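My notes are below, in the order in which I looked things up.

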Amino acid sequence: MLNFIFFGGLVLYFLSMFLQFAGMVFKKESWTRIAWFLFLAGFVLETAYLIIRGIMAHRLPLSNQFEFASAFSWSIGALLIFCYYRLHLDWIQSIGIAATFLILSYAALQPREITELMPALRSSWFGFHIGSAAISYAAFILAGGVGVRYVLVEKKDSNDASLEQMDHFIYRLIALGILMLTITILSGAIWAEEAWSAFWTWDPKEVWALITWIIYAVYLHLRINRKRRGAFLAWYAILSVPVVLFTFIGVNTLLPGLHSYGALEALTRLM
Amino acid sequence: MKKILQFIQSMTFGLILLGAITACSVIGSLIVQNGEPMTYVRYYPDYYQIIFALKFDHIFTSWYFIALSALLCINLTLCSVIRISRISRQKPAAYEAAFAPVPEGNASPEQLERIRQKLESMRCRKEERNGITVYYRNDHGWYGSFLTHLGLLLTIILFGAAMYLPKVIDEPCYPGDSLILDDGTKITVDSFRIEDETGKLDYTSRINVILPDGRESGIKEVSVNHPVSMGRYKVYQQTYGTVGKIRAERNGKTDEFYLENKDFMSADGKNGIWFDELYPGFITDDQGRTTLIQSTSGHYENPVYVFTLMLDGSADMMMAFPGDTIEVKDLVFTFLDPVEYPGLRIKRTPVMINPLLLGAVLLMTLGLYLAMFAQPVIVAVGKNGYAVRGPKPENTQYEINMILKQDQKGTKV
């Protein structure tokens with residue numbers, strides 16, 4: 001049943017993405033409207049899945065790569081819905097739906113069994129630290145997506161009225177992302193002191209979170225320079241996305257450290 | 001000299017430093033840090049000399065990384081000083097300048113009304129002079145950037161202090177035993193468990209800390225994520241282990257030992273048992289062959305002692321289970337249940353570092369919030385036009401542009 005809900009959400013996201021692009025290509029507004037409703041239905045299923053999984057596990061569903069990727073995808077969806085209804089940004093649909101689907105597809109490739117929360121993760125900082133990371137990554141991915149749209153629109157018409165809006169929106173998303181990433185890093189440091197006795201251990205995940213933070217901090221500083229606006233910063237937002245993805249996926253798979261919880265048992269063994 | 005100072009305090013210099021720190025961080029994350037020299041020779045046979053020469057094996061404690069961090073701190077200090085002095089000059093002047101004449105005709109009366117409504121819905125305060133109404137809010141937003149930089153500066157300095165000043169001791173301690181620290185502080189391990197009542201792994205020690213002045217913590221539980229603080233000390237549940245235990249009897253005298261090493265136990269130096277290893281369990285296959293389990297996480301379910309019996313010049317490797325007895329001449333050995341024990345980490349931190357660091361962290365987060373989500377709003381609205389003023393007019397200008405576009409098109413944007 002739980003798998004049915006999860007894959008139901010994934011299929012709805014896929015159909016939504018497909019219909020969205022078909023609607024854009026064939027200029028059928030009714031298709032994109034249906035795509036949006038399919039997306040909302042997928043989001044409801046994903047939300048239900050995460051809630052049920054959390055209830056079954058007696059904890060927040062954020063403890064492994066699958067759960068984090070699902071929460072990450074959910075965060076993109078939530079931001080997308082917020083942007084659509086609160087900020088009336090309808091052009092963000094296609095980017096957001098694709099990002100939500102792709103990240104959830106990555107989650108689908110991960111082992112899905114519900115595991116007991118290991119002692120190192122049993123902390124009041126757990127939800128705060130990992131939840132803020134999911135939101136920050138979601139904001140950065142959406143910013144990169146908006147960057148892609150900016151570049152495409154600018155290529156067609158460099159005086160398009162939506163360019164200013166997109167530029168501003170990339171900035172707002174990155175501002176949200178960096179605030180949440182700051183909270184992630186700082187709450188992680190405080191948690192690390194409780195768990196490992198050191199605020200900072202230069203663990204690969206910490207280092208790459210710092211690198212991501214620096215890269216987006218540089219974006220905010222570059223933005224102060226009025227000459228470097230528009231396409232330059234849109235490209236910057238796009239090219240920063242691989243760094244976010246590496247921090248999320250690459251570090252866990254290629255650079256194991258204290259955040260690779262599969263290996264933690266071995267590390268904590270004295271004998 | 002003035003040019004150098006200007007460069008050091010510039011944003012360009014700050015960005016160069018951030019770029020260099022990022023490059024070092026990438027290298028440090030890709031190359032194993034603080035490994036044995038042979039590790040690098042083995043894994044990077046073509047590059048190990050470069051790694052050692054450029055200190056890539058401990059890049060985060062290399063002189064140049066520390067120098068980059070120190071330069072960043074100087075840059076942040078100068079930026080902060082410049083910012084606060086600039087704010088103290090600009091802030092009163094900006095409110096005064098807000099009443100300057102506004103451009104005529106950049107919005108229709110209907111649009112101006114919409115702008116007014118929007119600003120009032122944002123709960124802006126307003127002041128009117130010479131026919132110009134100035135709406136303003138988020139006064140504290142002026143300090144956002146300053147607080148972010150100051151918070152970051154303090155965070156870096158205090159993080160450094162919190163990383164390098166504490167004295168850290170890692171000690172295993174068997175239940176019932178005590179650790180006496182240099183200053184006389186005594187830490188006693190009352191008991192240790194790997195699993196809780198339900199069988200869930202939880203690695204919990206019950207300890208008592210007695211400070212040199214006689215203050216006592218009482219029995220407290222230490223587990224992962226839940227250290228015990230007492231005075232300047234913090235005690236962590238860091239690791240754990242399982243050690244074998246044996247009872248030796250001779251001529252009515254009994255003694256018990258922990259089997260920590262490959263010890264030889266004998267009365268005459270010739271006959272006795274040579275302890276080899278304690279295994280967590282074993283598996284027996286269909287044909288009765290036994291394989292010892294090398295490692296496990298958690299409790300030792302079926303512990304097996306492996307030892308060599310040395311008797312009259314012969315040596316026989318044997319296995320024993322808890323409760324088994326071996327007689328060697330006049331010595332009687334009884335293998336006992338293994339004992340699980342914690343590896344404690346004891347950290348002595350200078351007073352106030354942690355609270356100060358927490359303060360710096362909060363300051364930085366608050367600064368970021370103010371800098372990005374509570375920027376000052378100063379809008380002057382006249383009879384025939386408006387002007388967005390203040391240090392960061394973009395967000396407000398963007399909001400107003402959206403109102404104007406909405407007004408023009410009559411639809412959402």
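**Entry 1: confidence**

I reminded myself that this is a predicted model. For chain A I looked up the pLDDT, and the average is 88, with 93% of the residues scoring at least 70.

**Entry 2: chain B as a whole**

I counted the secondary structure of chain B and got nine helices and 20 strands. Is the chain spread out or a compact globule? For 413 residues the globule rule gives 22 Å, but the radius of gyration of chain B is 35 Å, well over that value, so I put chain B down as more spread out than a compact globule. The spans of its C-alpha trace along the principal axes are about 115 × 55 × 50 Å.

I also checked burial, and 28% of the 413 residues of chain B count as buried. Next came the contacts in chain B between residues at least 6 apart in sequence: 61% of these join residues at least 24 apart.

**Entry 3: where chain B touches chain A**

I listed the residues in the contact and found 42 from chain B and 35 from chain A. Which element of chain B gives the most to this side? Helix 2 of chain B does, with nine residues. Other elements of chain B that give two or more residues include helix 7 (144-164), strand 9 (233-250), strand 18 (331-348) and helix 8 (353-373). Sorting the residues on the chain B side by type, I got 24 nonpolar, 13 polar and five charged.

**Entry 4: a four-stranded sheet in chain B**

I followed one open sheet of chain B, with four strands in the order 11-12-15-16 and antiparallel pairing. Strand 11 (264-266) and strand 16 (314-320) of chain B are at the edges; each has a single partner strand, so one side of each is left without a neighbour in the sheet.

I then zoomed in on strand 11 of chain B, which runs antiparallel to strand 12 (residues 272-279) of chain B and is joined to it by three bridges. What is the bridge partner of Phe264(B) in strand 12 of chain B? I found Trp274(B) there.

**Entry 5: loop residues**

I moved to the loop between helix 1 and helix 2 of chain A, where Lys27(A) is found. Lys27(A) is not a glycine, yet its phi is positive, about 55°. It has 8 C-beta neighbours inside 10 Å and counts as exposed.

Lys28(A) lies in the loop between helix 1 (2-25) and helix 2 (29-57) of chain A. With 14 other C-beta atoms within 10 Å, Lys28(A) is partly exposed. I took one distance here: Lys28(A) and Gly9(A) are 24 Å apart in space, C-alpha to C-alpha, and 19 residues apart in sequence.

Last, I looked at Asn225(B), a residue that has a positive phi of about 80° although it is not a glycine. Asn225(B) is in the loop between strand 7 (220-223) and strand 8 (228-230) of chain B. I counted 18 C-beta neighbours inside 10 Å, and Asn225(B) counts as partly exposed.

How values were computed:
Residues are numbered from 1 along each chain as its sequence is written. Chains are lettered from A and ligands numbered from 1 in the order in which they are written. This is a predicted model: local features need pLDDT of at least 70, side-chain atom pairs count only at pLDDT 80 or more; totals for chains, interfaces and linings use all residues. The radius of gyration is taken over C-alpha atoms; the globule rule is 2.2 Å times the number of residues to the power 0.38. A residue is buried if 20 or more other C-beta atoms lie within 10 Å of its own, exposed if 12 or fewer, and partly exposed in between; C-beta atoms are placed from the backbone. Two residues are in contact if their C-beta atoms, placed from the backbone, lie within 7 Å. Ala, Val, Leu, Ile, Met, Phe, Trp, Tyr, Cys and Pro count as nonpolar, Asp, Glu, Lys and Arg as charged, and the others, Gly among them, as polar. Two strands pair if DSSP finds at least two bridges between them. pLDDT is the predictor's confidence in each residue, from 0 to 100.
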